[in-house]
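Biologist: I'm new to reading structures. Could you walk me through one, feature by feature?

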Amino acid sequence: MKIQGKMFIWLSVFILAMAIVYGVWSKEPVGTTALFLAFGLSIMIGYYLAFTAKRVDAMAQDDKEADVADEAGEVGFFAPHSWQPLSLAVGGALAFLGVAMGWWILYFSAPLILVGLFGWVFEFYRGENQNQ
């Protein structure tokens, strides 16, 4: 996190310089204010990252000898196959078609959306994927 803090602090110095140059050169208050606000936001992020980096362990990006795989962790669990997104897609398509063509189509899309949503949320609580 040390390198990110330094990057944001240097970015804030650059934005401050550009805000001063832009303000003097253009005399336009809205863009100058936006640049000074961008400076404030980037200095807050940089200070937070630099402040936090002192209190946490060094990460892989702080080590010049680190490999890309040193910081890699578990990405997550993804379902091997599921029919629920198809139900949600068809229900959503019908819902948007209902907005364009007629609100009565929502009576057909709402059950499809609900079946897809509940099926997707609870697909690992029943069936062959129950113990995953």
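Modeller: Let's start with I43, which sits in helix α2. Keep in mind that this is a predicted model.

Biologist: Okay, why does I43 count as partly exposed?

Modeller: The general idea is a pair of cut-offs: buried means under 20% relative accessible area, exposed means over 50%, and partly exposed lies in between. I43 has 30% relative accessibility, so it counts as partly exposed.

Biologist: And S12, is that one buried or exposed?

Modeller: Use the cut-off again: under 20% means buried. S12 comes out at 0%, so it is buried. You'll find S12 in helix α1.

Biologist: Which residues is S12 in contact with, leaving aside its neighbours within four places in sequence?

Modeller: Those are F39, S42 and our friend I43.

Biologist: Now the surface. Which residues make the nonpolar patch?

Modeller: I9, W10, V13, L41, I43 and M44 make it, and the patch covers about 600 Å². So I9 and I43 turn up again here, as members of the patch.

Biologist: Which helices supply at least two residues each to that patch?

Modeller: α1, running 2–26, and α2, running 29–53.

Biologist: Let's zoom out. How is the protein chain divided into domains?

Modeller: Domain 1 spans 1–57, and domain 2 spans 82–120. Taken over C-alpha atoms, their centres are separated by 45 Å.

Note on methods: Residues numbered from 1 in each chain as written. Predicted model: local features only at pLDDT ≥ 70, side-chain atom pairs only at ≥ 80, totals over all residues. Heavy atoms only, no water. Patch = residues over 30% accessible without salt bridge, like charges linked within 9 Å, V, L, I, M, F, W, Y side chains within 5 Å. Areas by Shrake-Rupley, 256 points an atom, 1.4 Å probe, with all protein chains shown as cover. Salt bridge = Lys/Arg side-chain N within 4 Å of Asp/Glu carboxyl O. Helix = DSSP H or I, 4+ residues; strand = E, 2+ residues; numbered from the N terminus. Buried < 20%, exposed > 50% of the residue type's maximum accessible area, 1.4 Å probe, protein only. Contact = heavy atoms within 4.5 Å. Domains from an automatic or database assignment.
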